[in-house]
Amino acid sequence: KEFRAAVEARDFDGLGTLLADDVVFQSPVAFTPYEGKPMVAAILRGVGRVFTEFRYVRELEDADGRGSALVFETMVDGVSVNGLDLIRTNGAGLISELTVMVRPLSGAKALAAGMAAQFEQIAAEASGAA
């Protein structure tokens with residue numbers, strides 16, 4: 001619930017407080033997962049710079065209360081994107097796994113290009129250089 005509220009408020013800086021130190025992020029446009037709070041927090045801030053007209057349209061929750069699926073719609077550089085945030089929390093209530101899926105292919109390509117343009121800043125933020 002806190003993740004959704006922060007994203008809807010465009011508080012991408014505040015999302016880092018919701019992440020476990022060993023969080024794993026599965027990107028919709030990269031094969032290798034990203035690991036660790038500094039990198040994932042920096043990626044989420046980058047997403048905040050790339051997504052426009054973002055809104056969640058549906059939410060599903062696991063029976064155990066530790067997992068949820070958030071369906072979203074957004075724009076990336078004028079291209080419509082539909083997506084899904086799959087979130088899993090640990091025993092402390094922090095996000096331990098975040099998987100994002102997007103469609104259609106044109107949206108995935110726009111997202112890949114938009115995030116590629118952010119990668120230098122993301123890497124610098126993650127390493128503490130920014």
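**Figure 1. Pairing of strand 1 with strand 6 in the predicted model.** Phenylalanine 25 has leucine 98 of strand 6 as its bridge partner in this predicted model. Strand 1 (residues 19-26) and strand 6 (residues 95-103) run in the parallel sense, and their pairing extends over four bridges.

**Figure 2. The hairpin of strand 5 and strand 6.** These two strands pair in the antiparallel sense over eight bridges. Within this pairing, leucine 84 has methionine 101 of strand 6 as its bridge partner. Five residues lie between the strands of the hairpin, in which glycine 93 adopts a positive phi near 85°.

Figure 3. Serine 96 belongs to strand 6. Its relative accessibility is 15%, and serine 96 therefore counts as buried, the cut-off being under 20%. Leaving aside residues up to four places away in sequence, serine 96 touches Ala20, Asp22, Val23, Val24, Arg88, Thr89 and Asn90.

**Figure 4. Aromatic cluster.** A single aromatic cluster is formed by Phe51, Phe54, Tyr56 and Phe72. The count of aromatic pairs comes to six. In the pair of phenylalanine 54 and tyrosine 56, the ring centres are 4.9 Å apart and the planes stand at 90°, so the arrangement is edge-to-face. Both phenylalanine 54 and tyrosine 56 are buried.

**Figure 5. Helix 2 and its burial.** Helix 2 has 14 residues, and its first and last C-alpha atoms are 20 Å apart, close to the 20 Å expected at 1.5 Å a residue. The helix is mostly covered, with 11 of its 14 residues buried. The buried residues are Met39, Val40, Ala41, Ala42, Ile43, Leu44, Arg45, Gly46, Val47, Gly48 and Val50.

**Figure 6. Helix 3, its kink and its buried residues.** The end C-alpha atoms of helix 3 are 31 Å apart, which agrees with the 33 Å that its 23 residues should span at 1.5 Å a residue. A kink of about 50° is centred on phenylalanine 119 of this helix. Buried residues of helix 3 are Gly107, Ala108, Ala110, Leu111, Gly114, Met115, Gln118, Ile122 and Glu125. An α-helix has 3.6 residues a turn, so residues three or four places apart point the same way. The buried residues of helix 3 pack against helix 2 and against strands 3, 4, 5 and 6. Just after the helix, glycine 128 has a positive phi of about 85°.

Figure 7. Most residues other than glycine have a negative phi, and most peptide bonds are trans. The peptide bond from arginine 103 to proline 104 is cis, with omega near -15°. Proline 104 is placed in the loop between strand 6 and helix 3.

Figure 8. Arginine 10 is not a glycine, yet its phi is positive, at about 60°. This residue is found in the loop between helix 1 (2-8) and strand 1. With 42% relative accessibility, arginine 10 counts as partly exposed. Glutamate 53, also a residue other than glycine, has a positive phi near 50° and lies in strand 3. The relative accessibility of glutamate 53 is 63%, and this residue therefore counts as exposed, for which the cut-off is over 50%.

Terms used:
Residues numbered from 1 in each chain as written. Predicted model: local features only at pLDDT ≥ 70, side-chain atom pairs only at ≥ 80, totals over all residues. Heavy atoms only, no water. Pairing = 2+ DSSP bridges. Phe/Tyr/Trp six-rings, centres within 6.5 Å; stacked < 30°, edge-to-face > 60°. Buried < 20%, exposed > 50% of the residue type's maximum accessible area, 1.4 Å probe, protein only. Expected span 1.5 Å × (residues − 1). Bend = angle between axes of the 7 residues up to and from the residue. Contact = heavy atoms within 4.5 Å.
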